[in-house]
Amino acid sequence: MVAKRIIPCLDVKDGRTVKGVRFTGLTDVGDAVELGRFYALNGADELVYLDISASGEERTTFTRLVERIADGINIPFTVGGGIATPDDAARLLDAGADKITVNSAAIRTPELIDHIARRYGSQFIVVAIDARRNEQGTWYAVTHGGTRATDRELLAWATEAEERGAGEILFTSMDHDGTRGGYPCATYARLSERLHIPVIASGGAGNTDDIAEVFTIGGADAALAASIFHYNDTTIASLKRQLHARGIEVRI
């Protein structure tokens, strides 16, 4: 049995880790490198860093930060935010990232997935999908921090991303992000059944029960969370012990 992964997510702005609800109301929660090192020492399997800054100048700052992260931690980490070309991906991978994640740019230019996968291999690319449920209960991808709707239905887009060469899918429910009210497990179950690549659950983790459910009911391969770790609701070590006690395979 493949162990389930616990992945803290660090949204980065101006070199600092920030957290909000549905990407708004951001507050500073610590230095990005130091917080990542703390999570690594506490038992995180991987880390995800997302650059939420907008300007080209900040992109350069983020690249330098990635170099510091690579020097400071000893577990795999994924970076994303503003990656629109294979060269953008190359810049961050060369800086020391283990994987990159693409989101809005992949919806705008799906061939970007093919190009990066051919150039570096599927194991280096994670396709992130932010989605929101409409009044009919169908999930559609949104972009630009959830502010722009698209016509990309979640399951169809995830399937296409896999076919184009994505190595993993990171699905964030914009209806649940930052609320700590649990994951939409039924949707994760459908997604996990449809795909042949790992699914990372994101958006809604509030406690151990939520993460246990997305693993057992939702079939997710990994759980990404931020608030419960940033605000010390639990530690990664404690969370893993509780999951292990429930018979869920994790790396202790």
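G81 touches D51, R59 and T101, leaving out residues up to four places away in sequence, where touching, or contact, means heavy atoms within 4.5 Å. The structure is a predicted model, in which local features need pLDDT of at least 70 and side-chain atom pairs count only at pLDDT 80 or more, while totals for chains, interfaces and linings use all residues. Residues are numbered from 1 along each chain as its sequence is written, and side-chain values use heavy atoms, with hydrogens and water left out.

G81 itself sits in the loop between β5 and α3; helices (H or I, at least four residues) and strands (E, at least two) are DSSP runs, numbered from the N terminus. With a relative accessible area of 25%, G81 is partly exposed, a class that falls between buried (under 20% relative accessible area) and exposed (over 50%), using a 1.4 Å probe and protein chains only. G81 and A105 are 24 residues apart in sequence, and their C-alpha atoms are 9.6 Å apart in space.

Strand β5 (residues 77–80), helix α3 (residues 86–94) and β6 form a right-handed β-α-β unit. Right-handed here means that, with the strands pointing away from the viewer, the path from the first strand over the helix to the second runs clockwise. β5 and β6 run parallel and are joined by three bridges; two strands pair if DSSP finds at least two bridges between them. In this pairing, T78 stands opposite K99 of β6. On its other partner, β6 pairs with strand β7 (residues 125–133), again in the parallel sense and over three bridges, and T101 stands opposite V126. Within β6 (residues 99–102), K99 and T101 point one way, I100 and V102 point the other way, and all are buried.

Helix α5 (residues 111–120) also has buried residues, namely L112, I113, D114, I116 and A117. These pack against α3, β6, α4 (104–108), β7 and α6 (154–164). After α5 comes G121, with a positive phi near 105°.

What about the interior? A nonpolar core is a set of buried Ala, Val, Leu, Ile, Met, Phe, Trp, Tyr and Cys residues joined through side-chain atoms within 4.5 Å. The largest one has 71 residues, of which Y49, I100, I169 and I211 touch the most other members. Apart from it lies another core of nine residues, including I7, L170, I200 and A222.

I200 belongs to strand β11 (residues 199–202), where I200 and S202 point one way, V199 and A201 the other, and all are buried. Four bridges join β11 to strand β10 (residues 168–173), which runs parallel to it, and T172 stands opposite S202. Three bridges also connect β11 with the parallel strand β12 (residues 222–225), where S202 faces L224. With helix α8 (residues 208–216), β11 and β12 make a right-handed β-α-β unit.

Finally, the aromatic rings. Rings of Phe, Tyr and Trp (its six-membered ring) pair if their centres lie within 6.5 Å; planes under 30 degrees apart count as stacked, over 60 as edge-to-face and the rest as tilted. By this rule there are six aromatic pairs. The rings of Y49 and F77 have centres 6.1 Å apart and planes at 85°, so this pair is edge-to-face. The pair links distant parts of the chain, 28 residues apart, with Y49 in strand β4 (residues 47–51) and F77 in β5. Both Y49 and F77 are buried.
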